[in-house]
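Hi,

Here is the structure I promised to pass on. Have a look at it first, then read my notes below.

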Amino acid sequence: MWNASVALALMCTVLCRVEGMPHPPATSSAPMVEAPYDNKFDNVDLDEILNQERLLINYIKCLEGTGPCTPDGRMLKEILPDAIMTDCTKCTEKQRYGAEKVTTHLIDNRPTDWERLEKIYDPEGTYRIKYQKMKASAAEQASVSS
């Protein structure tokens, strides 16, 4: 079950904090009310998952389509395109936080894995570029404050 949280976090990761992502055109003038993604995994300990190499690798393989997926992993993989198209508007706040945490971990600690996932889910590198700018800005502010 906890693998689904990582999947949702990864799925939302390419969406959170990325401004200007294209959205599909509205089909009517009435505002659409969309149901949020399932929150049953919101309280999963992501640190535990990120620190378990074997589990993280299996999950990454699922997302890449190079390994088997749990039922939850398959479900999340299926909703990934929707999450990308909608800027993760159906994600809960905890899912957004988890997405940022997982992305930060992958970019900083597992860049090869991140690059493979990025080619599939964010081929233009939009999130990574924005993340690197935010990280550089934070480092600059920290050095000015010192």
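Below is what turned up, starting with where the values come from.

This is a predicted model, so local features need pLDDT of at least 70 and side-chain atom pairs count only at pLDDT 80 or more, while totals for chains, interfaces and linings use all residues. Residues are numbered from 1 along each chain as its sequence is written, and side-chain values use heavy atoms, leaving out hydrogens and water.

Let's begin with the core. The largest nonpolar core has 15 residues, and Leu-106 and Leu-117 have the most contacts inside it. (Such a core is a set of buried Ala, Val, Leu, Ile, Met, Phe, Trp, Tyr and Cys residues joined through side-chain atoms within 4.5 Å; buried means under 20% relative accessible area, with a 1.4 Å probe and protein chains only.) Two or more residues each come from α2 (46-50), α3 (53-64), α5 (93-109), α6 (111-121) and α7 (126-145), with α3 giving the most, four. Helices here are DSSP runs of H or I, at least four residues, numbered from the N terminus.

Next, α5 and α6 pack at about 120 degrees, their axes 5 Å apart. (Axes are lines fitted to C-alpha atoms over the stretch in contact, and angles run from 0 to 180 degrees between N-to-C directions.) Thr-103, Leu-106, Ile-107 and Asn-109 of α5 meet Pro-111, Trp-114 and Leu-117 of α6, contact being heavy atoms within 4.5 Å.

Finally, there is one disulfide, a pair of cysteine sulfur atoms within 2.5 Å. It joins Cys-62 to Cys-69, S to S 2.0 Å. The S-S torsion of Cys-62 and Cys-69 is about 105 degrees, so this disulfide is right-handed. Cys-62 is buried at 2%, and Cys-69 counts as buried at 18%.

Cheers

Methods:
Buried < 20%, exposed > 50% of the residue type's maximum accessible area, 1.4 Å probe, protein only.
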